[in-house]
Amino acid sequence: MSGDKFMADPSDGMDAMIVGGWSQQKHERLTDYIVASRLSRAKWGHACYIDVFCGPGRVVERGTNTFRDGGAIAAWRASCMGNGRPFTAMYIGDLHQQSVRICELRLERLGASVQSFFGPAKETVHEIVSELPRGLDLAFLDPFNAAHLDFEIIRVLSERRFMDILVHFSVMDIQRNIDLEAATSGSRLERIAPGWREAVDLRHLPKSAFVNAFLEHWKSLVLSHTQMTAAEMMPLIKNSKNGPLYRLILLRRHPLAEKLWNDVGKEDKKQKSLF
Ligand SMILES: C[S@@+](CC[C@H](N)C(=O)[O-])C[C@H]1O[C@@H](n2cnc3c(N)ncnc32)[C@H](O)[C@@H]1O
């Protein structure tokens with residue numbers, strides 16, 4: 001199946017997704033948080049990982065051809081580290097059926113208990129939440145672009161009381177689309193943050209403030225609809241030309257999650273190693 005999106009991984013012959021080098025910081029912060037929160041998980045009978053944009057579980061960096069673990073595999077391995085208790089189940093889904101199959105196989109080979117789902121995240125999330133046992137859960141929302149970050153996904157996940165949600169929030173997509181969307185009836189940004197046109201008046205803002213105003217509206221929607229709060233640290237991941245790509249945002253209810261993430265998510269922590 002290899003092509004312009006995938007390349008065969010020599011370690012197992014299955015596809016790895018071709019990605020930019022900056023995705024390493026995303027995976028490092030995800031795994032750092034999983035390691036940092038291991039003692040909290042150990043207190044629960046069930047602790048599940050949910051990834052509705054899972055990809056095949058391995059990635060290869062464009063340009064360097066370096067193969068690494070993608071989100072779900074990296075998350076599983078991180079949960080097995082030290083004195084942590086591994087995730088009791090990995091709930092994975094993707095629009096691309098073959099990616100889910102490969103990710104499932106890779107996780108099972110590593111000893112994980114896996115539940116797989118195919119289809120758009122805004123649909124699979126309903127099936128997943130209805131099957132989750134009571135426990136402490138972590139969801140990773142890692143879409144290719146912000147338009148897939150349907151607010152419904154967050155709303156449904158938030159029905160679980162003990163859930164942290166780590167969100168890949170593409171500021172680049174918002175920046176690129178917000179002007180046009182404001183001037184038309186486009187629904188791209190409306191799906192992410194319903195009601196944004198009424199809440200964010202671009203006419204009174206400099207262009208440089210558009211994305212932050214949109215983000216503030218999204219955070220207030222999250223709070224009012226889910227009672228979840230965005231942790232203070234929202235590291236901004238940039239590309240090799242220092243252009244802003246996305247923020248990693250942890251939505252949480254428990255103050256300990258905030259404390260752990262604020263340490264893991266410190267702005268200066270990983271950027272320096274790349275540039
Ligand atoms: C950025 S990649 C995910 C990478 C993966 N989380 C990782 O860390 O290795 C985004 C994934 O979302 C999938 N996708 C695209 N649109 C989707 C949708 N509406 N619902 C679910 N998955 C979707 C793509 O097939 C792709 O595998």
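Here are legends for a few close-up views of this predicted model.

The model is predicted, so local features need a pLDDT of at least 70 and side-chain atom pairs count only at pLDDT 80 or more, while totals for chains, interfaces and linings use all residues. Residues are numbered from 1 along each chain as its sequence is written, and side-chain values use heavy atoms, with hydrogens and water left out.

**View 1. Lys26 and the residues around it.** Lys26 sits in helix α1, which covers residues 23-36; helices here are DSSP runs of H or I with at least four residues, strands are runs of E with at least two, and both are numbered from the N terminus. Is Lys26 buried or exposed? Lys26 is buried, because its relative accessible area is 9% (buried means under 20%, exposed over 50% and partly exposed in between, using a 1.4 Å probe and protein chains only). Its side chain makes a polar contact with the side chain of Asp142, at 3.0 Å. Such a contact is a pair of N or O atoms within 3.5 Å; within protein, one must be able to donate a hydrogen and the other to accept it, and residues adjacent in sequence count only if both atoms are side-chain atoms. Leaving out residues up to four places away in sequence, Lys26 touches Phe140, Asp142, His168, Tyr246 and Leu248 (contact means heavy atoms within 4.5 Å).

**View 2. An open sheet of four strands.** Read across, the strand order is β1-β2-β4-β5, and the pairing is mixed; two strands pair if DSSP finds at least two bridges between them. At the edges are β1 (6-8) and β5 (67-69), each pairing on one side only. Inside the sheet, β2 (residues 15-19) and β4 (residues 58-61) run parallel and are joined by three bridges. Look for Ile18, whose bridge partner in β4 is Val60.

**View 3. The largest nonpolar core.** This core has 47 residues, and Leu141, Leu157, Ile165, Phe169, Trp218 and Leu251 have the most contacts inside it. A nonpolar core is a set of buried Ala, Val, Leu, Ile, Met, Phe, Trp, Tyr and Cys residues joined through side-chain atoms within 4.5 Å. Which helix gives the most to this core? That's helix α10 (residues 210-226), with seven residues. A second, separate core of 31 residues includes Tyr49, Cys54, Trp76 and Leu248.

**View 4. Confidence along the chain.** The average pLDDT is 93, and 96% of the residues score at least 70; pLDDT is the predictor's confidence in each residue, from 0 to 100. Over residues 271-275, the pLDDT is below 50.
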